[in-house]
Structures are given as structure tokens and as C-alpha cells.
Amino acid sequence: MSNPNRSLSSRFYALLLWLYPPRFRRLFGAEMARVFERGRRRSRGAGVVAFWFRSLSDLLRTAPAEWWDALRSGLAPERRPSMSEPRLFFDALGQDVRYAARNLKRSPGFSLVAILSLTLGITTATLVFSFVKAFLFRPPAQVAEPERLAVLYLSSYRGERFGLTSRSSYGTYLEIRDQAKTVAALAAYCDMSLTLDAPAGGTLHRVPAAQVTGGYFGVLGTPLALGRDFADTDLEPGSERVAVISHGLWQRELGGDPGVLERTIRIEGRPHAVIGVAAPGARSLGSLTQTDVWIPVKPEWRGDNVESLILVGRLAPGVALEGLRAELDVIASRLTEKHPRRWTDTRGEPRYFTAVSEKEARSVDGAPVRMLTVLTVVITLILLIACSNVTSLLLTRAWRRRREIAVRLALGAGRARLGRQLLTESVVLTSLAGGLSFVLTWWMTRLVALGRVTLPLEGRALALDVGADAGVALFAAGLALATGVGFGLVPALQGSRPDVAPALQGAAAERRPRRFSAQNVLVTAKVAGALVLVVMAGLLVRSFQKASDLDLGFDAGRVALATLDLSHRDVAEDAGLRFHEHLADRLAALPDVEAVAQARNVPFVHASQCGLGAVEGASAADSDPVVACNTVSSGYFGVMGIPVVRGRVFDRSDRPGAPRAAVVNEAFAERFWPGGDPLGKRLGEAEVIGVVGNTRFRMLTEEHLPHVWYAFAQDYQPLATVHVRTAGDPRALLPVLREQIRAMDPELTVLGTDAMEDVTAIFTEPQRIASKALGWTGGIALVLAMMGIYGVVAHLASLRTREVGIRVALGAHPRAVVRMLVREGMGLTAVGIAAGIVAVPGVTRLLGAVLVGVDPLDAVALAGGVALLVASSVLASWVPAARAARVDPAAVLRDE
Amino acid sequence: MAGVGLKLSPAMFEILLALAGGEKHGYAIMQEVEKRTAGEVRLGPGTLYRSIQRLLAAGLIAMSEDHPLTLEDDERRRYYRLLEPGRQAAAARARSLARSVEAARLRKLIDDPRSA
């Protein structure tokens, strides 16, 4: 912006300055012009002539002298007063570093802000990296030749492979083992938790465990430190109970006893002989958590009805995965012929096997990968925002030092050298931040390792070796270097540019900040990034709210569960029923217990499908459908808090011999008898006696599916879970439950005890963690973006001091000036928000898998994010603008 | 190394003297010199900055980037400050001038303000 007030004589003088050598002119031209200008203003009348005379003679005298000096020093070797070029690279580096350190020490405020900002970004990135590294590079669980292993999944009744029902039964395992020729050896396993009695008589605790088939360790190729593998004989009925324990467990709880093979441990209250100790690091295939105990597949699971095993086979020599797949298709069709009901899914399609390589199985679930992607995007954004803050600071700093830099350039400093020095400054900053980040990361990962962060899966300990090792250190160092160079490059280049000459000529050339200056671009990018993060956080918060408020259809709080198995006790049906009735009475008598019921399945844990037989009044297409079912005792719906909509639920009148009763849910009634009355309709041999409210029983995000319940008394299940509603904390009730059951029958297998809340909480845990994490990052991003906006507006304001001062002096209301400056700041923000809005859909799509009941393009979250950013930007613009408007116009003008 | 062999011109000495009173920008130096010498020594822009350049190159003065940038400051103005070698050089010159003044007083060339 050229100064309109410069008089004609000043401009003429400026022209005359071209008589000086270029270097001198670059250095001092601006100041000389100003000095002339002021002197010219001060002279009056005839004094003007005298002034001109003096100035001209001064010029004519000194210009040639300067030329003479310039030529003379041109012949002699250049003297660079403050920069003697050292020979060695490291000398130069050392000098640069020392110089940089000195400079940084001189502006402690700037350095502190920059380092903190960078540390925030780099620590976040490094932490996530260490977790990701531990996750991705975890050793494949001590497995021999993992590329020869294949994992077999069975398609579910819904026709696709997902979640808990991608598993097979023991019967299926045996069939494949006997029939498949492409598999040299086959094993099966199922991860779970078991209650272990502490050998020294301490408290019970749950350990991660697995049920496995004979030869399991042999198939996987996991070596055993001591003892032997399971044999088929261990799985025969009536065989002694045996277990293999982990190396860690052996050391921790059995003191590394060399005589461990003589010992027994109590699992679920029953003694198991220790037959082997696994090698250190052994765990289930692809598991994130370590396994402490292996036991043979429980007798009650050795049939066809429980589908919970994952099959893993070692390919026969010379066989490829395709060969196995082909053979599995053949076997599947054979099985479909033999057992059509069990081997057809709800769509009427035959069920099929999927065989994947062991490596693929490790990443079988897309959700972790998607979460990883989201995490990467988030930390990248944070890092970018933090670094861009620093870049802005560096740019501002370089700009303020431009005259010093110009002088050094004019005095003969090499541009490359200068640029390198500036770059060194930013690298020193980032290195300091990187060092700090590494220390922070080390500290935090140590906390994790010591505290043994538990996955929300029955409290299993994370087996990730998360730690700040050499790899992490290297990452932090590399990141620091990269950001230092990457983000310091622009300021360094800009700062050492030859046409920093306008800087020397001062006023005119650099008045107007360029529209697309690096600073403006940075602020825009920051605002966009902040918007994306804030919206993501908003989405997750809403999703978490929805998930928590999600009506499961039943009340999961204050219900304790105990899964019992009466099958191997060989009791007759009526004895079993009496046992359950007796148990229910005993439990109901306990203090705090409100109601007791039994059920075959627990929502989200087990699922069964039942063929209904002929459904009265159903269309032809729906003949003999298969729907989700459960068998429950009277009082179940009360315990679970499921509302009864029509008719009644099971009571004591539904006994064996009485007409078979069935209860259906609203979705069932909707599907088969839309608009009609379900009561009294027949389902095969059963009659519908009541309708209850819809519940969710398999996945949090499923729509309401049809479900039918049968009476426990009429459809006795040896394997059942006792549900107990208590007035107090269900967890406190669990040991009492076990005690009571054991009191009734000490030999009874209690398969597991849990609070229902903990079971269902698994499904909201990832949401909760993610929403908290993203809430934090959104907040951080917002703060960083606001800092950026503040900085830029303050910078703009300082540039326009004169203009502001003049406006105020001319009578402009300070508030108008403030508004003007705020408008400029908001202009930048607007561009940033626009850019952010464009970017949001692309990024939030990644969250699709994690969001519950919230659309990734949720308008509320987006509008909220925009509003938040607009408000923050106004604030961040207003404060420096207000400060600028308070400038004393007299002081500004006086300096003219 | 600084200032060795450098001949301090009168203008340069005046500039050093002005800076001994604190950091100043170019115009302020010019004003002070003019005022102090009662208009006898008027530094034109060329002379002023030529001298400043030589003083800079000799390490007797430096540009002051520590000068806090307030909103009142106009970035066009550059401040200069005296460095230790400059202080010593000015002191040396001042001492030599003082000796000359003392001699002039003794020889009654100028009035001795101490005598009545």
C-alpha cells in the first residue's frame, strides 16, 4: 500500500537513492527516505531550500564514497563479520544449533508455546503409534509355520458370516476331521474366561482361557515348556479333568514350581490336573489377550447343539487354501443333505464354510481396522494443527526478523546458509518437543503396562507389548525431524528470500498482507481441521448417548447371571426341573433378591434358532420358518423387565403335560399376523399365550427381529442360566450364587457367573472410549485453531496500526474499527469452515461402523460444530482487534 | 578485532555518543546530534547511514531486534544499540578529546567553567 502522504520531494529523493550501490541501498534505502521525509516536513519556508541543498550535497558526497568502498571490498576477499564459514559440516551444524538455541532462548514466550504445541501433537502421534505397532506387529502367538494354517468359519443362520455365530459345533469339528483330506490335522478352540481358585487360598479370580480339542498345540505348532499336549482321550466322557497352563501363570501363581506337573488347580471349583505348561507367549490365534489356561472342550459342549468353536487346520503338504475351500464346499453339501434342518440358514440357503489364512483371520473383523483408520486420521489432524500453529509462529518470527536477515544477506551471508540456520531453529524446536514427547509416551505406556489395561471383554488383560522401545523412539525422532523440516521449510525459505528487499525499503512494498500468504492458508487449514474434529467428536458423543439410552427392551441393571450345566449329572428331566425350582426358592429367600428365573440363552451371549413347524395363519412362503428362540421359566420377563403387551406369560400352569405354551414378541406378531390377534394362534404344537415388547438380543444395532419363547418346564434345558434380579449390586451377589449352588450340589458345573450389565456394557464400551477420546481431541483442536486465528488477527492488527490510529483520530468509533478487524478474521474463518464442511462427509464416513443410531452426516452435529467454530473465531478475532483499537492515535501519528 | 585500525570519523563518534544514551533509531540519532551540537553537526541521511554501516561492519554497534514490538512501533524504524567494543572506542576517543579540551583550557583558548 503506497503511502499517499509521501510528498513529491520525498519521492524524488527516493529516486535519487538509486545513485547508491545496490547493497547499501537495500540495507538503508528505506530509512534514508524516511529520515529525509521527516527532515523535509520540519523545514519551513526558505529552510526548505537549505534543506534540499544540504541533502543533495550529502548525497553527492557520500554516494561516490560508497561506490568506492564497494568496489574496494569487491576486490578484496569478502569479509563476513559474523559468519566465518566453517569447513566441516558438523562444525556448521554445531554453530547453527548453538545459534538457534541462543535465538530461541531470547524469545522464551514463543519457544514455550511452540514446544508445548508440538509436544502435544507429537506425543499423541507417538502414543497411538506405539499401540498400533504393538497391535500390528504382535507375534502370531508362538505358532509354527502360520502360513500353513487355515481358520474355518461357518456361516450363520442369517446367511452371512458375522460375530459370535461364525462358529461350529464339536460335532461339525469331528465330521470335518474325519472327512477332510486337505487338512493334515484339525483342532478347534473357543476363547472364554474361567474362574480360578488361587492356589495359596486367596480369592477367586477370572483368567482368560480357552477350550480346545485334542492335539491343539500340535496343530498350531505351539511348543510346550513342560508336559504334554491334550490327547483325544482327554475328551472322552469320564476322563480325568486336565488343564494346560500358561508360562506366565506358572511363574506368577505357582511360583515356577518345577513339580507343577504333579499339581492340580481348581477351575470353576473343580480340580484339574496340570498336564502341561505352554511356552511363553502362547495364546489363542489372533488374540489380543493372553491365555492362561487351556482345558479340553467341556463335555456339555461336545454335541451338535452348541456352536462355539473356531476351527483351525494345518494344510496337508502340497495343498493350497483353494484346495481346502473346494473340499469344504463338498463336505458342506454332504452335511446339508444329511442334516437339512441344521444346515440350512433362515433364507433357505445351505450353510457354508469359509476358510481364511491365519493372517487374514487376525484381521477378520473390519471394525478394528476402521477404528485404526479413524485414529490415524484424528492424530494426523491434531499433529497438523499443532504443527501449523508452530509454522505460523515461525513465519511471524521470521517476518519480524526480516530486517536483521536482510542485513545479513546484504553483508554477504549466503542465502543457503541463512535458510539452513532458520531451518535449524525449527528443527531444534521440534527435537526438543520430540524428546519431551518420547518421555511422556514412555511414562504413559509404562502406566498402561503396569496397570494392565483391561479390555472390556470379561476383564481380560491386554497382551499387547505396549512400550516405548527403540522403534517408538525412532518414530518420535523421525516425526520430530520431519515436522521440523517440513513445517520449518516455508518460514526458512520465505525468511531467506532475496526479495526481502521490499522489507528493507520498508513502508510501501509490504503494507498489504497478501491474500494467499502462507499465514492465511495455515489458518484456513487449521479451522477446517478443527471443524472436522469437532464434528467427529459431536457425532460420537451423540452416538454414545444413543447407545446408552438405547432401549434394549429389557433392564440389564441389577441382574446377576449364573450358568449351570446339569447334563453330565445324568439327571432325569423332572429331577432337573425340581432342582431348578428348589434353587430358585433358595435364592429368592436371600436378602436383596427380588426375583429368580432360568433361561437357556442370555441376550448377546447365546443365540438359538428354532424351527417353528406349521405357523397358523402364515403365508405359504413362511411355512416352517426358523426364528430366534429361547426357553425361559416363569418370572423371566419380570426379572428382565420386559413388558407384557398382551395375554400372559409363563406360570406354574405351564407344566410338562399341559398344552405347550409359547410367548412371542411384537416383531413376531407383526411378521406373521400383521394386524391380527396373535393370542391362541398355533406354532406347530405350541399355542401363543402372550405377546411381549421387542428386545435386542444379538447386536446393538439390529432392528427388532421376531423372537419366540418356550416354557422352561415344558422344554427342559440341562444347560441353563439362572437370572437373579437383586436390589443391590449384582456383582456382590455372584460369589453368593456360586456358594448357594455348590451348597445344593458340590459337583455341579457352574459354567460362569456375570453381572448382566457387564455383559451388555461390552457393546457400548468402544463407543464410550471413542467418544471420550474424540471429545478431547476435538477440544484440543478447537483450542489450537483459536490460537491460530488469534495470532493471525493480532498480526493483521499490528500491521494496520497506523491505519487504525488514523481512523480513530479521524473520529471513527473504536467499535467500528474492531468490527472491521473482526470481519477480516472471520473472512478467513469462513473459508476454513467452508473447506471443513466439504471435508467432513469424507472423514465421518469412517465412523460409520462405530456409530449407533446416528447418521455420519448428522445435521445436528455438523451445525453444532459450525456454530462452535464461528463463536470461537469471533472470540479469537475480537480480543486482538479490541486491543488494537485501543491504540493511542496520538502516539501513532506522532511517529510520522 | 572490532574497531582495530578503524578510524573513527567525527560523525561516527557522534553516533556512538548518541547511542551511549540508549537504543535509538536513525532519525532519533540525527536529531540528538543536531540538538547537542546546536546545529553545528547535521548528519544527512547519506552520512548518517554510511557511518552506521561502517560501525555495524566493525562490530561497534548492532541492530536491536530485541526492541519490543509494541503496537505503537512502526516496523519501518530500525533501532540501533551500542556494543561493548563501541563503548570502549567512544570512551577512548572521548578521553582523548577531553585531554585536548583540558590542554585548550590550560592555554586559555577556551574559558574554564571552573574558574569564575
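Let's start with Trp878(A), which is partly exposed at 47% relative accessibility; buried means under 20% relative accessible area, exposed over 50%, and partly exposed in between, with a 1.4 Å probe and protein chains only. Trp878(A) sits in helix α24 of chain A. Helices here are DSSP runs of H or I with at least four residues, strands are runs of E with at least two, and both are numbered from the N terminus.

A quick word on what you are looking at: this is a predicted model, where local features need pLDDT of at least 70, side-chain atom pairs count only at pLDDT 80 or more, and totals for chains, interfaces and linings use all residues. Residues are numbered from 1 along each chain as its sequence is written, chains are lettered from A and ligands numbered from 1 in the order in which they are written, and side-chain values use heavy atoms, leaving out hydrogens and water.

Back to the tryptophan. Together with Tyr790(A), Val870(A), Val874(A), Leu875(A) and Val879(A), Trp878(A) makes a nonpolar surface patch of about 480 Å². Which helix gives the most to the nonpolar patch? That is α24 (residues 859–885) of chain A, with five residues.

Now to the inside. The largest nonpolar core has 42 residues; a core is a set of buried Ala, Val, Leu, Ile, Met, Phe, Trp, Tyr and Cys residues joined through side-chain atoms within 4.5 Å. Phe28(A), Ile29(B), Tyr49(B), Ile52(B), Ile61(B) and Tyr80(B) touch the most other members. Leaving aside residues up to four places away in sequence, Tyr49(B) touches Phe24(A), Phe28(A), Glu31(A), Met32(A), Val35(A), Gly26(B) and Tyr80(B), where contact means heavy atoms within 4.5 Å. There is also a second, separate core of 29 residues, including Val378(A) and Ala876(A).

Next, have a look at helix α4 of chain B, residues 84–106. Its buried residues are Gly86(B), Ala90(B) and Ala104(B), and they pack against α1 (10–20) and β3 (79–82) of chain B. After α4(B) comes Lys108(B), with a positive phi near 55°.

Asp592(A) is in the loop between α17 (573–589) and β15 (593–599) of chain A, and is partly exposed at 48% relative accessible area. Another is Ala38(B), with phi near 55°. Ala38(B) belongs to the loop between α2 (26–36) and α3 (45–57) of chain B and counts as exposed, at 67% relative accessibility.

Definitions and conventions. Expected span 1.5 Å × (residues − 1). Patch = residues over 30% accessible without salt bridge, like charges linked within 9 Å, V, L, I, M, F, W, Y side chains within 5 Å. Areas by Shrake-Rupley, 256 points an atom, 1.4 Å probe, with all protein chains shown as cover. Salt bridge = Lys/Arg side-chain N within 4 Å of Asp/Glu carboxyl O.
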